[in-house]
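Q: Could you walk me through this one? I'd like the definitions spelled out as we go.
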Amino acid sequence: MLFLGKWVVDYRDATGRRRWETYRTREEAKRALSERLRAQTATLPPTELPTVEEACEAWLRSRADRRPSTVYLWQTYIRRHIVPRIGRLRVDRVTPALLEQDLRNSLSREGRLAPRTINRVLATLASVYDYLARHGIHDRNPARLAERLRVEHKTGEDISPEDVPTPEEVKALLFAAPPGLPRTALLTLALTGMRAGELLALKWEDIDFEAGRIHIRRAVTWAQTGEERRTGGVGPRFFPPKTRAGRREVEAPPELLSALKRWRLECPPGEFVFVRRDGVPMHRKTLTETVLRPAQARAGLRPFGLHAFRHFFASELIRRGYPPTEVAARLGHSSPQVTMSIYARWYRGASSDAVEKLAKTLLSPARSGE
């Protein structure tokens, strides 16, 4: 079609996504459209198509460079739920109706998986079929057409205030934690809102003591894929933060900088801040069991996990009137909408003196000369 002086090719690619391409002449557009359609139909004959299980395993191999925890989740979806039900079928024998009945409804009747998880199983299978389309193996994607289960939208209501420590509890915990790594690590979590994986991947070069800033550039994981668990596992691995916004700078108050400086004098030599005696980054489980739990016991506090410090940090900023944009930036959320969704309960109860200050500005006597 002609649009603003250009010929536009409007089509859906092999994965079902809508595409727009512009060309100077009608002949160029027709030639491009023919090439796109020919590419989509260049698939294998039915007798050469793989089974669902074979396609899933090929797709998993193509994802070997992803986060181990994510790969392990995909392996679980495929090997526990998809393959036992439809793994022996050839990929062209699978239809949306079959998936809704033999996969979606079957998992739902068993009652072991939440609707959201069942939808993720279907989404994983849809990615497998996208892989087949990109490699010219099969061009239909029944998993994208299969209807998903209805899911209640999650909001901040899912995070109960009882799950978030109070300032008094955090203060008691810090006093109960021994000086050095235990107190410094917990203080850093409480005053930055870092994820535990980001904290344990922190290097000394990431801390700008003069500017009072901490650069969050990576996260560490000890997670393993299914194969790695069977073969003995691997050591720590580092990845960028969970989202693009997760690579960020956060303000470090003077009290935190002083604690970090003191810890640096005692810390085992090496590039990482929170490490074992051999200089290797500490495991999250080790931090929980050897630092957090003993401090909670000494302070007589109820148990809560490392991620609760992140909720504490966010809820305190909201309670003190910080705007969603700033809270999102400090937490590394992809957008303020994510922050407001997670902490909806706190935003409804938040208050600030902004209106009071505005009233004083508007009603205070004007100074001479203004």
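A: To begin with a term, buried means under 20% relative accessible area, exposed over 50%, and partly exposed in between, with a 1.4 Å probe and protein chains only. This is a predicted model, in which local features need pLDDT of at least 70 and side-chain atom pairs count only at pLDDT 80 or more, while totals for chains, interfaces and linings use all residues. Residues are numbered from 1 along each chain as its sequence is written, and side-chain values use heavy atoms, with hydrogens and water left out.

Q: Ok, which residues of α8 are buried?
A: They are Leu181, Pro182, Thr184, Ala185, Leu186, Leu187, Thr188, Leu189, Ala190 and Thr192, so that α8 is mostly covered, with ten of its twelve residues buried. Helices (H or I, at least four residues) and strands (E, at least two) are DSSP runs, numbered from the N terminus.

Q: What should the twelve residues of α8 span?
A: The expected span is 1.5 Å times one less than the number of residues, which gives 16 Å for α8, and this agrees with its end C-alpha atoms, which are 16 Å apart. Just after α8, glycine 193 takes a positive phi of about 70°.

Q: Switching to pockets, what is the volume of the largest pocket?
A: It is about 1000 Å³, and of the 31 residues lining the largest pocket, the closest to its centre are Ser69, Arg195, Lys242, Arg284 and His307. On a 1 Å grid over the protein atoms alone, a pocket is an open set of points where a 1.4 Å probe fits, with protein on both sides within 12 Å along at least five of seven lines, and lining residues have an atom within 4 Å of a point. A volume is the space filled by probe spheres set on the points, which are joined across faces, edges and corners.

Q: And which element gives the most to that lining?
A: That is α9, with four residues.

Q: How much space lies in the second largest pocket, then?
A: About 370 Å³; the second largest pocket is lined by 14 residues, with Ala190, Leu191, Phe313, Leu317 and Arg320 nearest its centre. Its lining takes two or more residues from each of α7 (167-176), α8 (181-192) and α13, and α13 gives the most, with four.

Q: What is the strand order in the open sheet of three strands?
A: The order is β4-β5-β8, with antiparallel pairing, where two strands pair if DSSP finds at least two bridges between them. The edge strands, β4 (207-208) and β8 (248-251), each pair on one side only.
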